[in-house]
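Look over the sequence and the model shown here before reading on.

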Amino acid sequence: MAPTTGVAGGHVERMLERYRGLALGALLDDVPEGGPRYLYDLVAEYPRRWGKGLRAALCLATCRAFGGGDAVGLNAAVTVELFHNAFLIHDDIQDSSEQRRGGRTLHAEYGVGVALNVGNMTNLLALRRLAANRAALGSGIAWRLFTETELMMRHSLEGQAIEIGWIRDNVCDLDADDYYRMCLKKTSWYTCIYPCRTGILAATGRENAVDVLDRYGWYLGAAFQIQDDALNLTGDYARYGKEIAGDLWEGKRTLILIDFMRRCTLEERERLVRLLSLTRAQRSAAEVRWLHGRLFAYDCVEAARRSARELALAARRAGERALGAAADTEDGRFLLELTDYVVERAR
């Protein structure tokens with residue numbers, strides 16, 4: 001089922017569009033005008049391309065579900081979107097990715113030096129927006145939001161180090177638990193857990209309440225990432241916006257690839273290890289096509305999607321327990337319906 005079908009799917013899409021519009025408008029208004037060439041105009045490049053706005057929506061919806069308003073959570077929502085876009089720029093460089101959100105990556109279009117600098121400036125603008133919470137919410141909450149951001153950045157960078165380390169050292173003795181540990185740090189923390197924690201904190205100011213949606217965010221983020229891994233192999237480029245099979249070219253250890261590693265024949269494993277030992281530039285299209293075909297022959301993609309659906313169900317149950325009566329509000333329903341959306345989406 002496509003995410004835009006059905007009453008629930010339509011509601012999720014409308015809420016995502018609403019919150020993305022709020023955060024994007026505030027983000028673009030905050031980008032300085034003028035300045036040196038190849039800087040502020042490119043900071044706005046990725047945000048202006050189509051995107052889901054999931055992180056900003058999680059932050060704003062959580063804030064509202066816990067009694068806050070759009071204005072209260074807006075700084076936090078813009079902060080996470082800026083950090084997200086900086087991560088994308090830097091990740092694309094590290095992965096040698098060629099496509100992002102339906103266009104060429106910044107480093108492919110303008111060079112690595114320009115892209116790195118734009119990513120650094122995007123991080124700086126995120127910090128500036130984070131600092132604006134002092135005037136909006138008071139010094140105490142602003143400092144707590146800063147510590148939440150430091151925690152999120154540390155988890156995210158550690159997760160990124162794990163993933164690129166696996167590729168660099170050609171690690172092939174992984175299991176599902178290894179993937180989930182990496183996913184918790186690299187994806188779940190900044191995609192779901194951090195937006196929820198900052199939304200709650202902005203709404204309530206209560207440090208002892210920020211973790212109530214952590215389990216929801218962990219499961220939701222893992223389901224989101226597994227579906228992303230599956231779409232990379234099966235998606236329609238026009239909707240997905242990134243090169244199909246890019247993860248195979250990059251040698252990423254997805255749950256799908258790890259499943260194949262553990263179930264393939266000895267001959268297939270030896271061929272796979274040789275392929276993964278090469279750099280992206282050294283890999284041939286024929287070998288990538290071979291691997292792509294074997295993943296489907298072993299039903300690895302559908303097996304991973306079953307895991308994603310189980311995680312999405314666990315996220316819904318955790319969300320229902322955490323939200324309590326707020327589950328019946330518009331934003332509470334949105335947070336729960338997201339659990340289906342992340343595994344049904346086509347991009």
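Is the crossing of helix 5 and helix 10 right-handed or left-handed? The crossing of helix 5 and helix 10 is right-handed; a crossing counts as left-handed if the near helix is turned anticlockwise from the far one by less than a right angle, and as right-handed if clockwise. This is a predicted model, in which local features need pLDDT of at least 70 and side-chain atom pairs count only at pLDDT 80 or more, while totals for chains, interfaces and linings use all residues. Residues are numbered from 1 along each chain as its sequence is written, and side-chain values use heavy atoms, with hydrogens and water left out.

**Helix 5 and helix 10**

- Helices (H or I, at least four residues) are DSSP runs, numbered from the N terminus.
- Helix 10 covers residues 176–204, and its axis comes within 8 Å of the axis of helix 5, at a crossing angle of roughly 165°. Axes are lines fitted to C-alpha atoms, for helices over the stretch in contact, and angles run from 0 to 180 degrees between N-to-C directions.
- The angle therefore makes helix 5 roughly antiparallel to helix 10; angles over 145 degrees count as roughly antiparallel, and angles under 35 as roughly parallel.
- On the helix 5 side, the contact (heavy atoms within 4.5 Å) is made by V72, G73, A76, T79, V80, H84, F87 and D91. On the helix 10 side, K186, Y190, Y194, P195, T198, A202 and A203 make the contact.
- The contact of helix 5 with helix 10 has 9 nonpolar, 4 polar and 2 charged residues. Ala, Val, Leu, Ile, Met, Phe, Trp, Tyr, Cys and Pro count as nonpolar, Asp, Glu, Lys and Arg as charged, and the others, Gly among them, as polar.

**Helix 5 and helix 9**

- Helix 5 and helix 9 have axes 13 Å apart and pack at an angle of about 15°.
- That angle makes helix 5 roughly parallel to helix 9.
- Helix 5 passes helix 9 in a right-handed crossing.
- Helix 5 brings F83, F87, D91 and Q94 to this contact, and helix 9 brings T149, M152, M153, S156, Q160 and I164.
- By class, the contact of helix 5 with helix 9 has 5 nonpolar, 4 polar and 1 charged.

**Cavities**

- On a 1 Å grid over the protein atoms alone, a cavity is a set of points where a 1.4 Å probe fits but cannot get out, and lining residues have an atom within 4 Å of a point.
- There are 2 cavities of 30 Å³ or more. Grid points are joined across faces, edges and corners, and a volume is the space filled by probe spheres set on the points.
- The largest cavity holds about 100 Å³ of space, and its lining includes R20, L24, E81 and R101.
- Helix 1 (6–30) and helix 5 (70–95) each supply at least two residues of that lining, and helix 1 gives the largest share, 4 residues.
- The lining of the largest cavity has 4 nonpolar, 3 polar and 5 charged residues.
- The second largest cavity has a volume of about 30 Å³, and D229, L233, D247, L248, T254, I256 and L295 line it.

**The second largest pocket**

- A pocket is an open set of points with protein on both sides within 12 Å along at least five of seven lines.
- The second largest pocket has a volume of about 260 Å³. Among its 13 lining residues, I167, R168, E250, T279 and R280 are the closest to its centre.
- The largest share of this lining, 3 residues, comes from helix 9.

Note on methods. Parallel < 35°, antiparallel > 145°, perpendicular 65-115°, else oblique.
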